[in-house]
Every structure is written in structure tokens, then in C-alpha cells.
Amino acid sequence: MTMLLSASLAILFMQQAPAENIDWDAEFGVEEEVRDPATGEIPVEPYEQSNENAGAEPFKGDAMATHFNSQAGIRRITDRFVDLNFADPRIGAIFAGHDQVRLRRTIFEQFCFILNAGCDYTGRDMSSSHEGLGSRKADMNAIVENLQQAMREEGVPFSAQNRFLAKLAPMSGDIIER
Ligand code: HEM
């Protein structure tokens, strides 16, 4: 009797054991996201690169770049801005799972280009990069608040903050979806 019981337990175990060896990602066709070893970014579908994708004409002269403390200041602002957005309970879920490495680079390039601080923008346009995110007006307001905080912490004069925000405002139409 005991032998019979342990034999059937063994059979039961053998039947279940292989399940642990199944590659469920492969079974369901889940594709692994492989980061580029050089950039640390997850590659995106090919697109045409152009400064026009930045969505705004750059400022003239170097006054705005100076107010933002040049590229080093813009780097601090954009890193802080990305951190705040990912950690924000209002909009963090929209950012979760997106490539933070790429976002830090492209947001930096976009701001640096628009502020005429010596960069080209190599990211996607605002419409295609926000397509399907389902962003609402309230999400845009949250983003603007986070950007204001990051600029304030860098000591950007209030008038320069507002000039910059006025450049970004027309992009709302390409970003907000509902
Ligand atoms: C004026 C406001 C905004 C600007 C200037 C901006 C700028 C950008 C830029 C430059 C990119 C990267 C494009 C690329 O990867 O090629 C991006 C991506 C992204 N943005 Fe925005 N954005 C704005 C508003 C928003 C809002 C309101 C949300 C939602 C709360 C949002 C969520 C995202 C997300 C999740 C991505 C990553 C998309 C992906 O991984 O494919 N953005 N944004």
C-alpha cells in the first residue's frame, strides 16, 4: 500500500516537473528587449531624424542657454524632470516600462536644441512618440509642474521658465489624446 502510494506520488511529480522547464516567453511569443551594449538603449523602429522632430524652433542668441546654465544645467534639469515623472503617482504608470535611458537622452537633446545650447535633436516627433499613451490634459499639467520644479531647483529665472514653457505649449495638440 505504501509502495503504491509513493509510486503514484512519483508519477504525479514526474508529470508536473516538466512544466518548470517550459519557456513560457517563447510559448507566448514574448520578445525579449535587448539593450544596445554601446548606448544602453532599447532600439526603436527606424524613423527619419531631423531637428524638425523637436516640435519647436530654437531661440535665437545665447541668452536662454545662459539662463538654463548651458548644457550642464540642461542635463541636471532633464534628469530631474525624468526622475520626477517616473516617481509621480499621477503619471508614473504612463512612464513605467518605457526606456528611461533613451528618454533622458532625447529630452536633453530636445531641450538643448530649443534653448539653442548647441545640440541637434535626434528623437522622434511628438506625435509618433506619444501615440497610444492615452495622455490627458491633466497629465500634461502634471508634466508642466514637474518641469517647473526642475527648472526652479536649477535657479532658472521665472521669466525664462515661462518663455520656455510657451515654446512647449503648442506641442500639447500632438501629445494629448483624450
Ligand atoms: C510638452 C510636453 C512634452 C514633451 C516636450 C515631451 C517630450 C518627449 C520626448 C522628446 C520623448 C522621446 C521621443 C523618442 O523616444 O524619440 C518623449 C517620450 C515619451 N513621453 Fe513625452 N513629452 C511631453 C509630454 C508628455 C506627457 C504629457 C506624457 C504622459 C504623461 C508623456 C509621456 C511620454 C512617454 C511615456 C514617452 C516614452 C515613449 C516610448 O518609450 O516610446 N510625455 N516625450
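These legends walk through several close-up views of the structure above.

The model is a predicted one, in which local features need pLDDT of at least 70 and side-chain atom pairs count only at pLDDT 80 or more, while totals for chains, interfaces and linings use all residues. Residues are numbered from 1 along each chain as its sequence is written.

**View 1**
The protein has ten helices and zero strands. Helices (H or I, at least four residues) and strands (E, at least two) are DSSP runs, numbered from the N terminus. Read from that end, the order of elements is α-α-α-α-α-α-α-α-α-α. Of the 178 residues, 20% count as buried. Here a residue is buried if 20 or more other C-beta atoms lie within 10 Å of its own, exposed if 12 or fewer, and partly exposed in between, with C-beta atoms placed from the backbone. Among contacts between residues at least 6 apart in sequence, 78% join residues at least 24 apart. Two residues are in contact if their C-beta atoms, placed from the backbone, lie within 7 Å.

**View 1. The shell around the ligand.**
Here 22 residues surround the ligand, and the closest are His 98, Gly 123, Arg 124, Ser 129 and Asp 139. A residue joins this shell if its C-beta atom, placed from the backbone, lies within 6 Å of the molecule. Two or more shell residues come from each of α5 (92-95), α6 (100-114), α7 (126-130) and α8 (137-154). By type, the shell divides into eleven nonpolar, seven polar and four charged residues. In this tally, Ala, Val, Leu, Ile, Met, Phe, Trp, Tyr, Cys and Pro count as nonpolar, Asp, Glu, Lys and Arg as charged, and the others, Gly among them, as polar.

**View 2. The largest nonpolar core.**
This core has 22 residues, and those with the most contacts inside it are Phe 68, Ile 74, Ile 77, Phe 111, Cys 112 and Leu 115. At least two core residues come from each of α4 (70-87), α6 and α8, and α6 gives the most, with six residues. A nonpolar core is a set of buried Ala, Val, Leu, Ile, Met, Phe, Trp, Tyr and Cys residues joined through C-beta atoms within 7 Å. Leaving aside neighbours within four places in sequence, Phe 111 is in contact with Ile 74 and Thr 78. As background, nonpolar side chains tend to be buried together in soluble globular proteins.

**View 3. Helix α4 and its buried face.**
The 18 residues of α4 reach 26 Å from first C-alpha to last, close to the 26 Å expected at 1.5 Å a residue. The expected span is 1.5 Å times one less than the number of residues in the helix. Buried in α4 are Ile 74, Ile 77, Thr 78, Phe 81 and Asn 85. Seen down the helix axis, these buried residues fall within an arc of 95°, so they line one face of α4. The arc is that of the directions from the helix axis to the C-beta atoms. The cover over the buried residues of α4 includes α5, α6 and α8. On the face turned away from the buried side sit the exposed residues Ala 72 and Ala 87.

Asn 69 is found in the loop between α3 (63-67) and α4, and its phi is near 60°, a positive value in a residue other than glycine. Ser 70 lies in α4 and has a positive phi of about 55°, although it is not a glycine either. Asn 69 counts as partly exposed because it has 16 C-beta neighbours inside 10 Å. Ser 70 is also classed as partly exposed, with 15 such neighbours inside 10 Å.

Take a look at the buried residues of α8: Asp 139, Ala 142, Ile 143, Asn 146, Leu 147, Ala 150 and Met 151. Their cover includes α4, α5 and α9 (158-168). Val 144, also in α8, is partly exposed, with 14 other C-beta atoms within 10 Å. Val 144 and Leu 168 are 24 residues apart in sequence and 9.5 Å apart in space, C-alpha to C-alpha. Just after α8, Gly 155 takes a positive phi of about 80°.
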